[in-house]
Amino acid sequence: MSQGFPSNHPLDPLSPAELHSVITGARTSWGIGENHFVITCQLEEPSKTKVLGWKSGDALERLARLTVLDRTRAEVYEGVISTSGTPVSWDLIVGAKAPVVITESELAVAAVLRDEGVRAALKKRGVTDPDTQVYVETWPIGAQIPKYLDDGRRLVWTPMWLRPTLESNVYAHPINGLYAIVDLQAEQVVGIEDNDPTPIPMTPGDYRLSQTGGGIKLNDLQIVQKDGASCTIDGWKVNWERWNFRVGWDHREGLVIHDVRFDDNGVERRIGYRMSIAELVIPYGDPSQGTYRKNAFDTGEFGLGSYTNSLTLGCDCLGEIIYKDVALLTPRGDVKVIENAICMHEEDHGILWKHVDIDGHVEVRRGRRFVVSSIVTINNYEYGYFWYFYQDGTVEFEAKLTGIVLTLSDTPGVPHPSATELEVGLWAPYHQHTFCARLDLDIDGAKNTVIEVDSIAAPMGPENVHGGAYVTQETVLADESISGRMLDIISSRYWKIINTGKKNHMNKPVGYKLIANGNSYPLASPDSIIGKRAGFMYKHLWVTPNRRAERYPAGEYPFQHEGGAGLPEWTKQNRSLTETDVVMWYVFGVNHIPRLEDWPVMPVERIGFMLKPVGFFKRSPAMDVAPSMATCLRCNGDASKPCTCNH
Ligand code: CO
């Protein structure tokens with residue numbers, strides 16, 4: 001079942017009709033035309049107060065923020081316009097460089113393939129038919145620009161791969177030592193780096209079913225819910241179990257979750273206002289010519305949401321699925337609908353809790369979780385964003401990383417310390433995938449405080465004669481002078497966000513805690529170019545007061561930005577963080593040392609975090625969950641009664 005439009009709430013994603021009105025209005029009012037590219041068209045969210053005060057039936061005044069590139073002047077403009085096409089504001093963003101949009105990538109690829117210098121260099125490497133045999137990727141050049149081109153123009157840098165047959169995995173055949181630099185505005189190759197014509201590795205990296213056979217089969221598994229999934233979906237609002245929340249989608253960030261609430265014995269309690277992955281940056285750790293510039297901000301430099309997949313029932317998603325379509329404006333200003341962009345379903349998640357009493361009495365509950373997900377493909381990689389809602393009050397985010405590792409070629413067997421040799425002469429450089437979640441949580445209201453909790457061993461002595469004692473130590477993150485925090489495995493550190501104005505039955509503030517599900521730390525020097533441009537990645541948690549203008553941790557326009565923007569800059573203001581509307585920015589990622597088993601397509605890697613209630617409820621909300629009707633052997637298949645057997 002697929003659902004899409006229209007919009008009937010202030011936070012609903014922009015509908016095709018609204019996008020059409022926006023672009024029509026923008027063309028009339030601001031002269032958007034042939035010489036402009038749409039970078040993003042985003043819902044301009046109303047203030048939190050307005051949204052929370054809005055009731056069904058109230059007037060719906062929706063605004064969009066249209067960010068465009070004026071190609072003739074290489075300038076970025078942001079316009080705010082109503083979704084019926086009435087302009088509100090139009091501003092030049094001084095100094096901003098636009099991210100590279102897909103149409104520019106296509107133009108840049110064409111420029112590379114028709115360039116005589118590139119063709120000659122390819123011929124030297126034995127590539128005789130570039131038009132059909134060469135695959136070109138367009139990478140933001142970062143701030144690593146040759147001096148002679150460093151005059152402020154927008155550039156991409158283009159690694160290339162050979163496609164021996166139409167169905168070949170191009171990443172098995174990197175063309176080494178040949179990189180074109182393309183001026184995006186001029187649509188021309190302005191530089192060719194031609195250094196190291198290592199032979200192109202030719203071991204195929206086949207992964208298509210027609211090539212691999214895929215002969216390992218299991219018996220059929222079907223997920224059947226004859227009464228449908230246990231949820232009601234009203235537009236973009238989801239009600240499942242005691243949870244309700246709104247699903248959103250953004251051109252830049254992709255999947256967004258809004259206004260998360262939990263029904264606590266008849267009282268609807270607010271937990272999260274807006275949760276998204278606000279940035280994703282992938283610094284590569286190999287200094288060789290083919291890699292050192294690979295430091296893409298997939299959210300801020302590519303516009304991750306633009307690359308959202310259409311999902312397939314039975315493959316991407318299994319069971320009783322509800323899909324949502326989303327819509328966006330293409331760079332040329334056409335309305336594009338991505339069907340089945342967001343997948344929603346519930347799934348069995350093993351036992352929720354269990355206990356066998358001394359007398360043999362058994363209580364066990366099966367758990368389910370509700371899943372909201374979407375997947376993007378950006379060049380070689382896939383990223384799945386999965387939000388889970390559990391019956392014990394937990395919310396989890398999990399990124400699923402899959403796709404194909406980036407490759408380069410080097411002489412077989414040579415020392416190449418920052419890459420793994422996958423096949424003879426085919427190398428996969430080390431790299432890190434670093435995400436930053438922007439978590440505007442509202443724990444029973446907007447006025448919250450974040451506390452760091454460490455478990456500390458008590459000193460041995462009269463108070464601790466056996467030496468096993470430990471205590472928890474709480475540090476209030478009172479202001480931005482201590483906003484940037486690090487995980488600490490020795491002290492089992494976690495962070496909780498509490499509402500000091502709302503106490504639980506033990507007279508302690510209600511709260512939620514953020515728990516890391518694995519993490520890493522950047523290995524690029526903080527003084528490196530990528531270290532400066534992605535300065536946010538050197539802390540695992542940042543806390544800031546909630547500001548509408550502070551949306552992305554590396555700033556609004558990271559493309560060719562020299563660095564320093566975003567969280568490191570904002571937090572210098574040393575603003576107070578107690579009993580205020582705060583945002584938690586959680587930075588997490590994986591350090592990817594490619595394995596042979598990551599080739600030719602990497603099995604899914606997972607990384608994420610949990611938000612768990614801590615003194616938010618009176619006791620475990622999972623106690624209220626009804627037993628499932630089991631058909632175990634002991635119960636003799638009597639599905640009408642709960643399973644209480646002890647087996
Ligand atoms: Co990776």
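## Charges over rings

In this predicted model, Arg269 places its charged end over the ring of Phe616, at 3.7 Å from the ring centre. A second case involves Arg252, whose charged end sits over the ring of Tyr552, also with 3.7 Å to the centre.

Phe616 also takes part in a group of rings. Ring pairs join Phe616 into a cluster with Trp240, Trp243, Phe245, Phe262, Phe370, Phe389, Tyr512 and Phe617.

## Aromatic pairs

The description of a pair of aromatic rings rests on two values, the distance between the centres and the angle between the planes. Searching the whole structure gives 32 aromatic pairs. One of them is formed by Tyr77 and Trp90: the ring centres are 5.0 Å apart and the planes meet at 5°. Planes under 30 degrees apart count as stacked, so the pair of Tyr77 and Trp90 is a stacked one. Tyr77 belongs to strand β4 (residues 75-82) and Trp90 to strand β5 (residues 87-93), so this pair ties together parts that are 13 residues apart in sequence. Are the two partners buried or exposed? Tyr77 is buried, at a relative accessible area of 14%, while Trp90 is partly exposed, at 27%.

Tyr385 and Phe435 make another kind of pair. Their ring centres lie 6.4 Å apart and their planes stand at 65°, so this pair is edge-to-face; the cut-off for that label is an angle over 60 degrees. Tyr385 is in strand β20 (residues 381-390) and Phe435 is in strand β25 (residues 431-441). The two residues are 50 apart in the chain, and the pair links distant parts of it. Both Tyr385 and Phe435 are buried.

## The whole protein

The protein contains eight helices and 32 strands. Its radius of gyration is 26 Å, and the globule rule gives 26 Å for 647 residues, so the protein is as compact as a globular protein of that length. The C-alpha trace spans about 80 × 60 × 60 Å along its principal axes.

How many of the 647 residues count as buried? The share is 55%. The protein exposes about 27800 Å², and 52% of this area comes from carbon and sulfur atoms. Among contacts with a separation of 6 or more, 66% are between residues 24 or more positions apart.

## Backbone details

Most residues other than glycine have a negative phi, and most peptide bonds are trans. Which residues have a positive phi without being glycine? Glu241 is one of them, with phi near 50°. Glu241 lies in the loop between β12 (237-240) and β13 (243-250), and with a relative accessible area of 32% it is partly exposed. Asn379 is another, with a phi of about 55°. The loop that holds Asn379 runs between β19 (362-378) and β20. Asn379 is partly exposed, at 31% relative accessibility.

The peptide bond between Trp599 and Pro600 is cis, with omega at about 0°. Pro600 is located in the loop between β31 (580-592) and β32 (602-613).

## A buried loop residue

Ser418 is placed in the loop between β22 (408-409) and β23 (419-423). The limit for a buried residue is under 20% relative accessible area, so Ser418, at 16%, counts as buried.

What does Ser418 touch, if residues up to four places away in sequence are not counted? Its contacts are Gly285, Asp286, Pro287, Pro429 and Tyr430.

Notes. Residues are numbered from 1 along each chain as its sequence is written. This is a predicted model: local features need pLDDT of at least 70, side-chain atom pairs count only at pLDDT 80 or more; totals for chains, interfaces and linings use all residues. Side-chain values use heavy atoms; hydrogens and water are left out. Rings of Phe, Tyr and Trp (its six-membered ring) pair if their centres lie within 6.5 Å; planes under 30 degrees apart count as stacked, over 60 as edge-to-face and the rest as tilted. Helices (H or I, at least four residues) and strands (E, at least two) are DSSP runs, numbered from the N terminus. Buried means under 20% relative accessible area, exposed over 50%, partly exposed in between (1.4 Å probe, protein chains only). A charge sits over a ring if NZ of Lys or CZ of Arg is within 6 Å of the ring centre and within 35 degrees of the ring normal. The radius of gyration is taken over C-alpha atoms; the globule rule is 2.2 Å times the number of residues to the power 0.38. Contact means heavy atoms within 4.5 Å. Accessible areas come from the Shrake-Rupley method with a 1.4 Å probe; for residues, only the protein chains shown count as cover.
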